[in-house]
Amino acid sequence: MRYILFFLAFISMLVANYMSLMYAPTEKVMGHIQRIFYFHMGTVWAATLAFILVFIASIMYLRKESRKWDIIAYSSAELGVLFITLTIITGSIWAKPVWGTWWTWDPQLTTTFILWVLYIVYLILRSSAGSNVKQARYSAIFAIIAFIDLPIVYASARLKRGISPVVFGPGGGGIAPEMMHTLLVCLVAFTLLFIVLLKERMNILKMKDIINSIKIRRNF
Amino acid sequence: MNKILNIVWKDVLVEFRTKEIFPTMLIFSILILLIFNFAFEFKSSIEPNTLSALLWVTFIFAGLLGLSRSFALEKENNALFGVILTPVDKMYIYIGKFISNFLITFLMELFVIPVFILFFNLNILDIILPVIGIVVLGTIGFISVGTFFSAMAVNTKLRELMLPVLIFPLIIPVIFNSVRICSSIMEGRELAYYKSSLQVLVSFDIIFVVICAVLFEYLIEDS
């Protein structure tokens, strides 16, 4: 099972690379730089999945108090930070030639930035909380509050005018079918990558637990 | 209700007798204003936006000082155990603590506002009431989150150091909207201009007081 997932993620990543670099047509106005968008969307999608998972796992932890949910929340939060960092980096690379600036305080960017800070604080909180139970409970509480805070951050940031492109929905331009295919493949690839990494990270944490319990048993 | 008031009364009494937190907060906030004054080289014409930002930075920093003591005080002689062992719903403890923190911080702010007006030569006496109203709303917002995380921070290894890191990213909406509303009031704009900010601020207050009260039970279970 593990190797199948690994293999699928690898193949889909290769296909995603090929499609975003070769298959998708070049965007008329922005040119080749637009191709980074497929990976930008992929990472932001994976990060969203990760943070939703952290939120759900945190609620479940507070209800069930089982180590399993804590491990899920922790691994997912780490991956979320990784993916959101990649999102910010790819977004900046795209924004420099298109908007003429690496960074601007547009609502989406502001919210993403605060999201990034919040989950880094989450990781800091984990490392400074002390015992395992405290660590799990405090970080679960923080994750829930942070998740609820985000829509309010977005609502406040939106009171200033925004410039992030709206591609889908009302007011959006829509995209060529080839671009759509590429985007979908990218989303699938990043979802698979996320699942693979999550499982690996969870395995490492579980092994750590086992080693710790052996150490305690043998009085190390 | 009585139970909540008991906790509030206890905190106010402790503060009244020890006179530890309040004078420190007050002096600290006046010092911050002094530093700002120096930093701006005693300019008399500063934009309303900058002014209300200065005011809120002062409030948040000074308020933080009180918040970090709020539960650290209970840690001395393990008084927190006594509070937790009180046979009441944990929610009441949070609300009691929240109210007492709010009262102390708000009192500090009431003292700071005249100093602020004096230092920066402002002429805002006719709009002082709406500004104080916004100060109340903003303070509720950041004290609600602050009280909650103060209880969490004293139990971490980094203690008080952890508090600003925990609450600053969370209270960004409060600061943003309070500053925006205050500066619009100072500029003499209509209510319609900052109505949406007011809505976000009020909803932040309601949401976080409720959520923190509900989650407080999990926070201090056996800490």
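Predicted model: local features only at pLDDT ≥ 70, side-chain atom pairs only at ≥ 80, totals over all residues.
## A buried lysine to start with

Residues are numbered from 1 along each chain as its sequence is written, chains are lettered from A and ligands numbered from 1 in the order in which they are written, and side-chain values use heavy atoms, with hydrogens and water left out.

What does B:Lys97 form a salt bridge with? The partner is B:Asp11, and the closest N and O atoms are 3.1 Å apart. B:Lys97 sits in helix H5 of chain B and B:Asp11 in helix H1 (residues 2-18) of chain B, so the pair ties together parts that are 86 residues apart in sequence. B:Asp11 counts as buried too, at 9% relative accessibility.

## Chain A in outline

Chain A has six helices and zero strands, and its elements run α-α-α-α-α-α from the N terminus on. Helices (H or I, at least four residues) and strands (E, at least two) are DSSP runs, numbered from the N terminus. The C-alpha trace of chain A spans about 65 × 45 × 25 Å along its principal axes. Of its 220 residues, 43% count as buried.

## Salt bridges, continued

Over all chains, the salt-bridge count comes to nine. One of them pairs the side chains of A:Arg2 and A:Glu200, at 2.8 Å from N to O. Here A:Arg2 belongs to helix H1 (residues 2-23) of chain A and A:Glu200 to helix H6 of chain A, so parts 198 residues apart in sequence get tied together. A:Arg2 itself counts as partly exposed, at 44% relative accessibility.

Then there's A:Arg126, which forms a salt bridge with A:Asp70, with the closest N and O atoms 3.1 Å apart. A:Arg126 is in helix H4 (residues 107-128) of chain A and A:Asp70 in helix H3 (residues 67-99) of chain A, so this pair ties together parts that are 56 residues apart in sequence. Both A:Arg126 and A:Asp70 are buried. Salt bridges with shared partners join A:Arg67, A:Asp70, A:Arg126 and A:Asp209 into one network.

Which residues form the positive surface patch? They are A:Arg63, A:Lys64, A:Lys68, A:Lys199 and A:Lys206. Patches are built from residues with over 30% relative accessible area and no salt bridge, joining like charges within 9 Å and nonpolar side chains (Val, Leu, Ile, Met, Phe, Trp, Tyr) within 5 Å. Helix H2 (36-64) and helix H6 (177-217) of chain A each supply at least two residues of the positive patch. A:Arg63 is in helix H2 of chain A and is exposed, with a relative accessible area of 63%.

There's a nonpolar patch as well, about 470 Å² in area, made by A:Phe7, A:Phe10, A:Ile11, A:Leu14 and A:Val15. A:Ile11 lies in helix H1 of chain A and is partly exposed, at 35% relative accessible area.

Most residues other than glycine have a negative phi. A:Glu65 has a positive one, near 55°. A:Glu65 is found in the loop between H2 and H3 of chain A and is partly exposed, with a relative accessible area of 36%.

B:Met91, in helix H5 (residues 90-119) of chain B, is partly exposed at 32% relative accessibility. The C-alpha atoms of B:Met91 and B:Ala213 are 5.1 Å apart, though 122 residues separate them along the chain. B:Ile46 lies in the loop between helix H2 (21-39) and helix H3 (48-75) of chain B and is buried, at 15% relative accessible area. From B:Ile46 to B:Arg69 is 23 residues in sequence and 34 Å in space, C-alpha to C-alpha.

Technical notes:
Areas by Shrake-Rupley, 256 points an atom, 1.4 Å probe, with all protein chains shown as cover. Salt bridge = Lys/Arg side-chain N within 4 Å of Asp/Glu carboxyl O. Lys, Arg positive; Asp, Glu negative; His and termini not counted. Charge placed at Lys NZ, Arg CZ, Asp CG, Glu CD. Buried < 20%, exposed > 50% of the residue type's maximum accessible area, 1.4 Å probe, protein only.
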